[in-house]
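User: I would like to learn how to read a protein model feature by feature. Could you take me through some helices, strands and pockets?

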Amino acid sequence: MTAYAAERAGGASVLIGALAPLTRPGWAQAGQHLLTGMELAVSEVNDAGGVAGRPVELVVRDTAADPRRAEAAVEELAGLGVAALAGEYHSVVARAAAARAHALGLPYLCSSAVLDALTEEPTDRVARLSPPQTRGWQVYADFLLGAGRGRIAVAAEPSVYWAAGARILREYVAPRGGAVVELDARALAPAALCDELAGHRATALLLLVGHPDPAVPIVRSVRRDRRLAKVMIGAPAGQPEFAEWATLLGGEGAAIPFLRYLPERLSPLGVRVGAALRERLAEEPSFVAFEGYDTVAVLAEALRTGGAGRARPAVDWSRVTVDGTRGRIRFSHTPDISVWQWAGAPIQVVDRDPSEPGRFRVLHTD
């Protein structure tokens, strides 16, 4: 933000702390898409006069998928006087950030993390755009069962997020005639994992693991094992969404269904924003980039209604209504979710087209 732009918009900037995984072991490409979406929205908010006549400025901190680093960043950003926090992709990191934001009384809009228990206790300080994990992963389970893939193996690494996903799947498919077997991706090499899959006669393997390792070696091993030719590989957490997946795996990375939070058709705003994101990213924008844009658009409106001139605006999520890129955004309290939640977030099951891995196919919608 230039001094001229700040003066034109009315003085001191409204600071928003932006959290994103921009370096390894964080999912850096997701973090870059998230940040690009936020930056585009900031530019447009400022072009329209800012918030209460003041320009918005992002103060960016790289979480690198580290919860402790996120906690320290929240403390630092609060000390710098940010009006609110935005962002984050990794659920365990967002959970740590949300806990500190709640303790400090700092408004936080979580962009992309889905873990149901984002905070241990109910809070009016935190809201979330992405759907809770239970809702999304049950949609994914419906897709698997509808495709006749009821014998489900999950290759999982130790994580609160992965463990929650496995539990959601197990509890949802068992009453519907399915079964879930859990395989330790940390203890089993890809070849040994293939042996386990063959032995369990699994019809689907879900990758509840990090990207690119061990996800990419596992996909290669399963694709090249003739015993597993009919096994569907799935990645509900969205690893195939980003271009890096296709670059590393080529055709072997196609036909791997994942969850994506986009509607069947974008609104006119979404189409326009998508074109601008495509230009900035020099590649197709992911749903995470749209989440980043919507985060800042929502926060700008929340700060306007909450009094951006105060040292700590009193954000009331119940009063916020914004036309986002993926639909009209309103927040409510939903059962078993401790934060304000956008209940209308769209959910799709999508994969990369085997005949054209750069193109996505919508397989199932909520």
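This is a predicted model: local features need pLDDT of at least 70, side-chain atom pairs count only at pLDDT 80 or more; totals for chains, interfaces and linings use all residues.

**Reading the model step by step**

User: In what sense do strand S11 and strand S12 pair?

Analyst: Helices (H or I, at least four residues) and strands (E, at least two) are DSSP runs numbered from the N terminus, and two strands pair if DSSP finds at least two bridges between them. Here S11 (residues 321-324) and S12 (residues 327-330) pair in the antiparallel sense over four bridges, with Thr-321 standing opposite Arg-330 in S12.

User: What is the reach of helix H2 from its first C-alpha to its last?

Analyst: The expected span of a helix is 1.5 Å times one less than its number of residues. H2 (residues 28-47) has 20 residues and reaches 28 Å, close to the 28 Å expected. Gly-49, which follows H2, has a positive phi near 110°.

User: Is Gln-341 buried or exposed?

Analyst: Buried means under 20% relative accessible area, exposed over 50%, and partly exposed in between (1.4 Å probe, protein chains only). Because its relative accessibility is 1%, Gln-341 counts as buried. Gln-341 lies in strand S13 (residues 340-341). In H2, 14 of the 20 residues are buried.

User: How is a pocket found, and what volume has the largest pocket?

Analyst: Rolling a probe the size of a water molecule over the atoms shows where empty space is left. On a 1 Å grid over the protein atoms alone, a pocket is an open set of points where a 1.4 Å probe fits, with protein on both sides within 12 Å along at least five of seven lines, and lining residues have an atom within 4 Å of a point. The largest pocket has a volume of about 560 Å³. Of the 25 residues that line the largest pocket, those closest to its centre are Trp-27, Tyr-89, His-90, Tyr-161 and Trp-162. Helix H4 (91-104) and helix H6 (160-173) are the elements that give two or more residues to this lining.

Note on methods
Residues are numbered from 1 along each chain as its sequence is written. Side-chain values use heavy atoms; hydrogens and water are left out. Grid points are joined across faces, edges and corners, and a volume is the space filled by probe spheres set on the points.
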